[in-house]
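Reader: Take me through this model. I want each label set against its definition.

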Amino acid sequence: MARVVLRGIAKMFGRDAVLDGLDLYVPDGSFTVLVGPSGCGKSTTLRIIAGLEKETRGEIWIGDEKVNDLPPGKRDVAMVFQNYALYPTMTVRENIEFGLKNRKVPRAERRRLINEVAEIVGLADCLDRKPGSLSGGQRQRVALARAMVKKPRVFLMDEPLSNLDAAMRHQMREELKQLHRRLGATFLYVTHDQVEALSMGDQIVVMQGGKVQQAAPPTEIYRCPANLFVARFIGMPA
Ligand code: ADP
Ligand code: MG
């Protein structure tokens with residue numbers, strides 16, 4: 001089981017409560033999209049799940065394990081960042097390999113894994129290039145490959161397509177959906193774009209004010225928005 005559950009998560013930055021009793025349920029194997037306006041705490045939520053930020057209060061569960069006290073490297077998740085976070089002086093191969101560095105994977109096995117994920121994301125011909133010579137879409141694929149090479153059960157994606165042009169964004173949406181089916185992993189995908197959320201997710205979580213406003217499949221969000229905020233946010237006339 002690779003569901004992710006947050007119970008009563010609060011996060012204070014100084015005196016500001018960015019998250020305020022957040023409850024989140026990400027079903028095992030789902031493509032769950034976390035959507036909400038800029039600044040509502042989406043990135044903070046992902047960073048808390050990954051262990052990159054420490055919650056002020058609340059419980060974090062991944063599968064059947066409470067992970068609050070586990071360091072990032074011991075959590076069965078991989079994160080894909082908005083700006084890709086690639087190392088410009090390293091080749092594509094080295095960037096992907098970085099996903100494995102702290103895990104004692106034998107060299108031959110590392111090579112095999114890198115080739116495997118590079119093939120899946122269509123980078124097999126680019127492994128010796130540097131990120132600076134790649135297109136935006138290719139850089140995005142390197143970031144995906146670096147997450148995939150760890151074989152995590154949970155992928156956390158923080159607005160991974162927001163730096164791409166409209167055509168590439170459209171293409172990558174489809175590729176991500178295919179990848180999700182192929183890997184059978186749990187995806188928690190963050191966006192501030194309602195259209196993207198409703199077209200990609202099988203579960204939608206609408207966040208605002210440090211809380212979840214509604215969590216449901218897209219059709220249900222359309223049919224029965226839980227409150228005025230959700231109705232307005234998804235573009236329904238109020
Ligand atoms: P989102 O990803 O939904 O746009 P974030 O989680 O990045 O929102 O940020 C939520 C709020 O927390 C914002 O008001 C932001 O300024 C604040 N914030 C985020 N990280 C920090 C930090 N390290 N220190 C202080 N405030 C922060
Ligand atoms: Mg963010």
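Reader: What makes the sheet of order 2-1-4-5 open?
Author: The four strands pair in the antiparallel sense, and strand 2 (16–26) and strand 5 (65–66) each pair on one side only. Strands here are DSSP E runs of at least two residues, helices H or I runs of at least four, both numbered from the N terminus. The model is predicted: local features need pLDDT of at least 70, side-chain atom pairs 80 or more, while totals for chains, interfaces and linings use all residues. Residues count from 1 along each chain as written, chains are lettered from A and ligands numbered from 1 in written order.

Reader: How do you know that strand 1 and strand 4 pair?
Author: Pairing takes at least two DSSP bridges. Strand 1 (4–13) and strand 4 (57–62) have five bridges, so they pair. One bridge joins Leu 6 to Ile 60.

Reader: Which residues of helix 3 are called buried?
Author: Leu 113, Ile 114, Val 117 and Ala 118. Buried means 20 or more other C-beta atoms within 10 Å of the residue's own, exposed 12 or fewer, partly exposed in between, with C-beta atoms placed from the backbone.

Reader: Why do you say that the buried residues line one face of helix 3?
Author: The arc is that of the directions from the helix axis to the C-beta atoms. The buried residues fall within 130°, so they line one face. The face turned away carries exposed Ala 108, Glu 109, Arg 112 and Glu 119.
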